[in-house]
Amino acid sequence: MKLGNDPQDRSTSPSLRASCEDALARMRHALVAVDTASPAAAQIREAVERIEFLLRNAESMESRYRSLLDAVPDAVTVHDRQGRIIEANQTAVTTYGYTLEQLRERSVYDLNPDLPSDRMDEVWRTFKLGQTVTVETDNRHSDGSRFPVEVHSNMFSDGQDKRIIAVTRNVAARRAAEQAVRESELRYRQLFDSIDKGIVVQNGKGEVISANAAAERLLQISEQTMIEKGFDASTWRFVDSKGDPIAERDLPPYAALRTGTAVDSTLIGTFNPIANRYFWFNVFSLPQFRDGEERPFQVISMFGDVTQLKRQAVMFEEVQELAAIGGWEIDLLRDRVFWSEQIYTLLGRSPGAAITLADYIACFVPADGERLQRAIEVVRRHGSPFDLELRAISQEGQRRWLRVIGHTQAHADAEGSLIGTAQDISERKRFEENLRRQALTDALTGLSNRDDLMRQLTQAIDEAQPGLGPVLLYVDLDRFKVINDLLGHSAGDGLLVAAAQRLKKLAGPDVLVARIGGDEFMLMLTGEADESRPRNLAMAITRAFADPFPHSGEDFTITVSVGIAQYPGDGATIQQLINHADAAMFDAKRRGRNNWQQFSPALSRKLTDRLLIETQLRRALDNQEFYLHYQPQVELQSGRVVGAEALLRWRNRLLGELSPDLFISHAENTGDIVPMGAWVIRESCRQLRQWRDAGLALRCIAVNVSYRQFLGENLPETVHAALKEFSLPGEALELEMTERVLIEDVPDTLETFNTLRGLGVSLVIDDFGEGYSALNYLRRLPFNGIKISHDFMHGIPTHPADTAICEAIIRIAQSLGLSVVAEGVENEAQRSFLLKQGTSLAQGFLFARPLAAEAFVEYARERLRR
């Protein structure tokens with residue numbers, strides 16, 4: 001099927017079809033005229049059948065061609081030598097906003113006006129048959145809007161002609177997603193590299209996929225090298241705490257991947273070929289699972305350098321080997337045991353009567369005695385030597401660790417005889433326990449750390465009796481950051497140590513006290529039958545912290561907020577229990593700090609609602625659930641609509657219509673407000689451009705921006721891009737912000753303000769008077785105006801205080817040359833008051849509620865007709 005330039009030559013050629021049909025008719029007439037039995041009749045019938053077959057086949061090919069073209073999910077256009085569109089699929093019709101016939105009347109230059117006029121000449125010179133060329137550029141919709149695209153072009157033969165087929169994909173969503181991913185990865189990487197412990201992440205095959213800066217420093221190898229080469233077994237060697245080689249599969253990360261369970265702190269010796277020496281690391285490995293999968297998809301290993309501690313342990317072992325070691329012999333045939341003098345000392349026995357094997361076994365705790373008995377039996381039957389570490393008990397009840405080694409006699413006449421040694425390894429065992437304890441202890445305060453808390457909490461839950469599950473008290477120091485910044489980190493550390501000591505003293509010996517990070521502590525009560533004890537302890541803690549902490553001759557008071565949660569009523573899992581104690585603590589902070597709160601079903605519902613809203617928020621933009629309403633800004637003297645304030649609305653598919661008061665705070669907490677705010681800015685500019693094109697001459701459109709948008713670095717870029725995309729001057733956009741923006745980071749905020757003002761954008765303080773109202777900011781920062789809070793407007797003109805405040809705000813603004821917009825104007829008395837004070841602009845229910853875009857246009861034009 002050939003494609004032509006003429007609109008009639010888009011499918012099977014009509015002239016060809018007509019010629020075939022005429023020939024068919026003539027042959028049928030000829031068939032009637034000749035003898036049906038003659039050879040000519042047979043030839044005519046054969047020709048008729050062939051022509052009929054060709055016509056049917058052409059129609060089938062045309063149908064399959066169109067179906068195939070329309071099945072392509074991207075826009076497809078076919079172009080002739082001049083770039084004219086001679087064919088397109090349905091996706092192209094949808095993408096560009098033209099009908100198929102309209103597209104056939106256009107060329108590639110209509111879709112991409114930025115192309116040079118000789119572009120098709122260049123294509124025809126450089127393209128080769130079958131060669132695919134991919135470019136990224138912008139295309140234009142029928143309404144004039146532009147969108148980024150990725151175009152794949154290919155030259156093909158169409159009969160005697162050559163054509164260009166272009167497959168175009170809209171990549172706007174992909175670019176936005178890529179930007180969001182890059183920002184998320186950057187934040188993750190910054191947090192990742194700020195941790196002072198080495199962290200290595202490996203995939204399900206054990207291949208390194210990421211490592212932080214501390215890991216690079218400790219291992220003396222770059223992250224890239226770890227990813228590309230791993231740890232070559234021919235040069236890197238690993239041993240356990242005894243110095244015995246460890247197979248790769250038994251290293252903590254591989255064991256965690258194999259078993260699907262966390263591998264607690266494990267001492268690993270590592271020969272580093274780069275440094276040509278051994279280092280010792282304390283390694284903790286945690287496997288991670290995807291929902292619904294039983295095998296971990298990756299493992300995270302955290303490790304710290306304990307080389308110095310291990311070196312001391314090795315030196316200690318060397319000294320032990322030089323010490324006297326007791327020897328023993330067992331005559332299995334006569335059931336007699338012979339000890340050297342040192343063995344008597346080690347076992348706390350006095351030389352005397354004959355010793356049997358049972359007497360020897362009885363020198364150890366029952367479980368270890370049974371182990372020794374089994375080892376001796378294995379040696380007797382199979383000749384396999386043993387090396388055991390056992391706990392011995394003296395006659396006075398004193399315990400010590402012994403390393404007991406045994407094997408058969410080497411000479412032939414020693415059948416039934418075993419010999420061996422016993423060495424006191426109590427010091428080494430205590431040192432190893434100290435290493436283990438250090439791995440589970442907070443270095444600053446000496447309290448248990450998070451790892452130890454998780455270990456003991458797991459054990460407490462496993463051993464919990466019905467109704468006697470562990471109770472967690474989540475303790476957070478209120479406003480610790482302020483004191484830490486004021487006095488310095490050294491003083492802050494001292495305060496943390498003092499707070500830890502105070503908590504330890506209050507808790508008593510039967511309560512685990514752990515520091516879980518920063519200024520956060522956790523207390524765990526186990527097997528507590530008295531339901532009032534956790535509450536009484538929480539009250540005691542809040543009272544105790546009322547006493548000041550001394551520092552450099554000054555007293556500083558710091559309060560605490562405490563959250564309580566008990567297993568299993570307040571959490572059926574460890575993480576859920578901790579999360580709910582955390583939620584109760586934050587509820588205590590919300591209630592004014594310096595108090596305690598018990599986790600409750602109501603708090604659980606609130607937490608569930610928050611998680612549900614935050615989960616839905618993450619998908620709201622992609623699901624196109626946001627829309628804008630616009631409240632008119634009216635010129636008080638004339639009643640004309642001169643501007644609009646864009647107000648965000650959310651209609652969720654699951655939750656329905658949600659109030660901005662409900663979801664905006666969640667969006668600010670999660671950071672989702674940043675992409676949401678960018679969408680509002682762009683959509684507002686698009687709407688203003690549409691209104692202006694329709695003849696509605698609005699001065700500007702106002703958009704609320706969150707303080708979180710100012711904390712980022714791309715707000716000016718977002719604004720500039722929106723203004724440029726819709727060909728608007730900076731004066732057409734007004735950004736409204738609350739006074740919270742002013743206290744977050746003044747130097748960076750000032751830089752952002754100046755950049756925005758350089759674009760011509762107006763900056764306005766929203767709800768002026770409700771927040772900090774620091775007049776110094778009005779003097780220093782480049783604001784264009786302020787908006788009087790609707791809370792003050794409620795009392796005007798009958799409430800003297802509100803009236804006085806509004807008069808003062810207006811006079812201050814006028815004296816500083818700032819514009820004033822009054823919000824919440826609901827009656828004529830308020831309008832008259834504002835006019836009298838010289839305020840020219842207002843918005844509120846007296847004029848109109850927030851309106852959809854179409855209703856806004858009708859309202860604005862109606863006001864013009866009055």
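Biologist: Why are α20 and α21 called roughly perpendicular to each other?

Modeller: First, this is a predicted model, in which local features need pLDDT of at least 70 and side-chain atom pairs count only at pLDDT 80 or more, while totals for chains, interfaces and linings use all residues. Residues are numbered from 1 along each chain as its sequence is written, and side-chain values use heavy atoms, with hydrogens and water left out. The axes of α20 (residues 574-590) and α21 (residues 601-620) cross at roughly 95° and come within 11 Å. Angles of 65 to 115 degrees count as roughly perpendicular, and α20 and α21 are therefore described in that way. The axes are lines fitted to C-alpha atoms, over the stretch in contact for helices, and angles run from 0 to 180 degrees between N-to-C directions. Helices (H or I, at least four residues) and strands (E, at least two) are DSSP runs, numbered from the N terminus.

Biologist: Which residues make the contact of α20 and α21?

Modeller: H580, A583, A584, D587 and R590 of α20 meet L603, K606 and L607 of α21, where contact means heavy atoms within 4.5 Å. By class, this contact has 4 nonpolar, 1 polar and 3 charged residues. Ala, Val, Leu, Ile, Met, Phe, Trp, Tyr, Cys and Pro count as nonpolar, Asp, Glu, Lys and Arg as charged, and the others, Gly among them, as polar.

Biologist: What makes the reach of helix α19 close to the expected value?

Modeller: Helix α19 (residues 532-544) has 13 residues and reaches 18 Å from its first C-alpha to its last. The expected span is 1.5 Å times one less than the number of residues, and for α19 the expected value is 18 Å.

Biologist: Which residues of α19 are buried, and what covers them?

Modeller: P534, L537, A538, A540, I541, T542 and A544 of α19 are buried, that is, under 20% relative accessible area (1.4 Å probe, protein chains only). Their cover includes β17 (471-477), α18 (489-507), β19 (520-525), β22 (560-566) and β23 (596-598).

Biologist: Why are β18 and β23 said to stand at the edges?

Modeller: The open sheet has 5 strands in the order β18-β19-β17-β22-β23, with mixed pairing. Two strands pair if DSSP finds at least two bridges between them. β18 and β23 each have a single partner strand, so one side of each lacks a neighbour in the sheet. The average twist from one strand to the next is 20°. Within this sheet, β17 and β22 run antiparallel and are joined by 7 bridges, with L473 opposite I564 in β22. Helix α19 packs on the sheet, touching β17, β19, β22 and β23, and its direction makes about 170° with that of β22.

Biologist: How do you know that β18 is largely enclosed by the rest of the structure?

Modeller: Of the 6 residues of β18 (residues 512-517), 5 are buried, so the strand is largely enclosed. β18 pairs with β19 in the antiparallel sense over 5 bridges, and A514 has M522 in β19 as its bridge partner. Their hairpin has 2 residues between the strands, and G518 takes a positive phi near 55°.

Biologist: What is the order of the open sheet that contains β13 and β14?

Modeller: Its 5 strands follow the order β13-β12-β16-β15-β14, with antiparallel pairing. β13 (336-339) and β14 (386-393) stand at the edges, each with a single partner strand, so one side of each is left without a neighbour in the sheet. The twist here averages 25° from one strand to the next. β14 and β15 (residues 399-408) run antiparallel, joined by 8 bridges.

Technical notes
Angles under 35 degrees count as roughly parallel, over 145 as roughly antiparallel, 65 to 115 as roughly perpendicular and the rest as oblique. Buried means under 20% relative accessible area, exposed over 50%, partly exposed in between (1.4 Å probe, protein chains only).
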